[in-house]
Amino acid sequence: MAAVLVTAAPLTAGTAAATAPAAAAPAPPANPYVAPGGAAAMHGDSASSDTTPLAGPGTGPLTSRRTALQSACPTVLAGSDGIPVAVCTGMFDRAPHVHLLDPATGASVTTLDLEKSSILGGIYSYLDHLDRLVVADGSGDLLRIAHTRDAEGRWQLRIVERTPFGAALAEGDSVVGLAPDWQGRVWFATALGVVGTVDTATGAVRHGALGEGVANSISTAPGGTAVATDHALYLLTAGADGAPRTEWRRAYDQGPSRKPGRLSRGTGATPTFFGPRTGAEYLAITDNAASQEKLIVLTADGGRTICELPVLAADGSGTENSPVGHGNSVYVADTYGYPYPAVPEGAGDAVPATAPFRGGVTRVDIEADGEGCAVKWTSAVRSAAVPKLSVADGRLYTVERTGVIDPTRTGILDRFDAVSLDSATGRVTGRHHLGTGFLFDTLQMAGNVTAPGVLWQGTVTGVLRIAPKTS
């Protein structure tokens with residue numbers, strides 16, 4: 001199938017024809033220990049599909065409001081009650097803070113300060129089946145945090161469970177990824193490559209070392225837990241005692257160095273479970289090949305290679321984002337050259353040190369027989385956030401960043417627009433101006449959708465609430 005290049009010509013919101021829903025395909029398997037609704041984890045669900053079962057803001061007139069929290073807020077979650085919970089890193093203290101947001105306005109109604117950890121500490125958290133935030137902070141403990149109202153009706157955030165990681169978390173290490181399996185165990189991965197499970201009912205922690213660094217979150221499906229290190233993709237399962245064991249390992253091209261617009265030398269992707277039959281028969285990541293990165297799609301059962309396909313720009317590409325996966329389709333956004341204000345300790349120098357942020361989003365389809373992949377379209381949209389696919393309305397929702405003089409040259413006065421794309425064609429179907437300047441920088445963070453079509457998007461200084469004008 002030949003690639004179709006789609007330009008990112010600006011459209012006035014509401015001028016595009018309605019988009020048909022995404023092709024019928026199963027949703028990711030519903031994890032019984034994750035809050036329902038498709039917004040309980042940074043990447044939507046424990047499979048990290050970056051899809052939502054809800055319709056997004058749409059293509060009509062939109063409203064947007066920025067809540068200033070003096071924090072970068074990469075994680076905005078919502079459970080069965082629809083109340084957003086944001087995990088943010090303070091601009092000044094670099095410590096995690098949990099905010100409970102008003103669903104109607106986005107204002108913070110209460111906050112809870114956590115202990116400082118690494119730059120990635122606390123970012124990859126989730127809401128459990130009781131709408132409690134599950135997070136690891138700098139205390140060395142796994143926390144469950146509930147939001148409740150007191151006798152006077154005031155909201156409060158309260159730690160209701162604390163389980164020490166103990167010997168699994170060495171001095172100088174930090175928990176990067178968290179996700180529950182289908183037995184209720186909490187899987188974790190640390191920056192130094194320790195993986196394990198926590199049974200919070202008994203306090204039992206079982207762990208082992210992969211011997212490779214981890215810079216992204218982890219994903220779970222009924223068949224196992226996917227962990228991407230800076231060298232390889234693993235599928236892990238737990239023994240009868242909860243101890244992790246490797247079902248298979250697939251090495252990938254680590255590349256010669258960290259690229260600009262990347263936070264590590266290895267893959268920038270949290271592994272994505274997806275598929276047309278069960279919603280989880282495939283796994284996708286990207287590598288760090290020079291100069292053009294490849295999308296790698298494997299079978300979850302056995303790790304057989306479906307395809308290893310060069311994507312994005314041939315003369316310099318890279319992505320720090322998890323692929324979006326639904327049915328037979330995968331969507332990859334290029335972050336090469338994106339200016340991050342800070343990178344994790346030990347990430348190494350970027351080579352080259354800087355580069356223009358050209359962006360681009362590519363759709364890749366798995367062949368119907370499950371043998372091979374092909375690029376279906378490439379859009380020139382300079383995505384400044386992890387795109388979110390609504391399977392209800394068939395649109396990808398993201399934020400586009402545009403330089404003042406040269407669209408690809410980033411600066412503190414850049415323009416940020418909420419953009420929707422037709423997932424079938426890659427064409428821009430809606431655009432809404434969010435603001436100008438670094439206050440609106442979405443920093444390649446992942447948004448989440450709540451009813452009625454509200455997109456919650458973190459920024460370097462707080463949270464954006466983007467909604468249809470009537471909501």
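Is Phe357 buried or exposed in this predicted model? Phe357 is buried, since its relative accessible area is 1%, and buried here means under 20%.

**View 1. Aromatic pairing of Tyr338 with Phe357.** The count of aromatic pairs in the model comes to five. One of them joins Tyr338 and Phe357 in an edge-to-face arrangement, with 4.9 Å from centre to centre and 85° between the planes. The pair links distant parts of the chain, the two residues being 19 residues apart, although Tyr338 and Phe357 are both placed in the loop between β25 (329-333) and β26 (361-366). Tyr338 counts as buried because its relative accessibility is 2%, and Phe357, at 1%, is buried as well. Ring pairs also bring in Tyr340, so that Tyr338, Tyr340 and Phe357 are linked into a cluster.

**View 2. The largest nonpolar core.** This core holds 32 residues, and the members that touch the most other members are Val98, Leu133, Ile145, Phe165, Leu178 and Phe188. Two or more residues are given to the core by each of the strands β5 (84-90), β6 (96-101), β8 (126-127), β9 (133-136), β10 (141-149), β12 (175-180), β13 (186-190) and β14 (194-199). Among these elements, β9 gives the most, with four residues.

**View 3. A nonpolar patch on the surface around Ile405.** Val404, Ile405, Ile412, Leu413, Phe438 and Leu439 form this patch, and together they have about 680 Å² of accessible area. Ile405 is located in the loop between β30 (395-402) and β31 (415-422). With a relative accessibility of 83%, Ile405 counts as exposed, because the term applies to residues over 50%.

**View 4. Arg66 and the ring of Phe440.** The charged end of Arg66 is positioned over the ring of Phe440, at 5.6 Å from the centre of that ring.

**View 5. Ala269 and Pro323.** Ala269 belongs to the loop between β19 (244-251) and β20 (272-274), and this residue is buried, with a relative accessible area of 0%. Along the chain, Ala269 and Pro323 are 54 residues apart, while their C-alpha atoms are separated by 6.8 Å in the model.

Terms used:
Residues numbered from 1 in each chain as written. Predicted model: local features only at pLDDT ≥ 70, side-chain atom pairs only at ≥ 80, totals over all residues. Heavy atoms only, no water. Patch = residues over 30% accessible without salt bridge, like charges linked within 9 Å, V, L, I, M, F, W, Y side chains within 5 Å. Areas by Shrake-Rupley, 256 points an atom, 1.4 Å probe, with all protein chains shown as cover. Salt bridge = Lys/Arg side-chain N within 4 Å of Asp/Glu carboxyl O. Buried < 20%, exposed > 50% of the residue type's maximum accessible area, 1.4 Å probe, protein only. Phe/Tyr/Trp six-rings, centres within 6.5 Å; stacked < 30°, edge-to-face > 60°. Lys NZ or Arg CZ within 6 Å of the ring centre and 35° of its normal. Core = buried A, V, L, I, M, F, W, Y, C linked by side-chain atoms within 4.5 Å.
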